[in-house]
Amino acid sequence: ENRYLLHEAVRWRASDRRWYFFPRRVSTLPYDEEKDEERGSNHVLSTDEDFNDVKVFRLGVSTVILFLP
C-alpha cells in the first residue's frame, strides 16, 4: 500500500525511558508533492528504548487549513 509518514521531531524522555516521535505528515494516500502541502498530522508515536513497545496516539481533531490566494 502507498502510505507515508514524515517526522518533524523526536525526543527522549528519561523519566519515562521512552522515545516520542512527532510526525509532520501522515497519509494513507500516495505521495503527491502539491497535495502534501495540505496534509498534516495529529499523531504522536511513543516507543521504549529498545523499540519493542510502540504506541500511537491521536491528539484532538485533525483539521486541514487551506491558504487560498
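Q: Which residue in β3 is the bridge partner of Phe21?
A: Phe21 has Leu45 as its bridge partner in β3. Strands are DSSP runs of E with at least two residues, helices are runs of H or I with at least four, and both are numbered from the N terminus. Two strands pair if DSSP finds at least two bridges between them.

Q: What kind of model is this?
A: The model is predicted: local features need pLDDT of at least 70, side-chain atom pairs count only at pLDDT 80 or more, and totals for chains, interfaces and linings use all residues. Residues are numbered from 1 along each chain as its sequence is written, and side-chain values use heavy atoms, leaving out hydrogens and water.

Q: Back to the strands. How many bridges join β2 and β3?
A: Four bridges pair β2 with β3, in the antiparallel sense.

Q: And what is the strand order in the sheet?
A: The sheet is open and has four strands in the order β1-β2-β3-β4, with antiparallel pairing. At its edges stand β1 (4–13) and β4, each with a single partner strand, so one side of each has no neighbour in the sheet. From one strand to the next, the twist averages 25°; this angle, on a scale from 0 to 180 degrees, lies between the N-to-C directions of axes fitted to C-alpha atoms.

Q: What pattern does the chain follow along the sequence?
A: Along the sequence, the pattern reads β-β-α-β-β. The chain contains one helix and four strands.

Q: New topic: how many aromatic pairs are there?
A: Rings of Phe, Tyr and Trp (its six-membered ring) pair if their centres lie within 6.5 Å; planes under 30 degrees apart are stacked, over 60 edge-to-face, and the rest tilted. By this rule there are three aromatic pairs. In one of them, the ring centres of Trp12 and Trp19 are 5.2 Å apart and the planes stand at 55°, so this pair is tilted.

Q: How exposed is Trp19?
A: Trp19 is partly exposed, at 27% relative accessible area. Buried means under 20%, exposed over 50%, and partly exposed in between (1.4 Å probe, protein chains only). Trp12 is also partly exposed, at 28%.

Q: What about the rings of Phe21 and Phe51?
A: Their centres are 6.4 Å apart and their planes at 55°, so Phe21 and Phe51 form a tilted pair. Phe21 lies in strand β2 (residues 18–27) and Phe51 in the loop between β3 (43–48) and β4 (54–58), so the pair ties together parts 30 residues apart in sequence. Phe51 is partly exposed, with 47% relative accessibility.

Q: Finally, what share of the chain is buried?
A: Buried residues account for 23% of the 69 residues in the chain.
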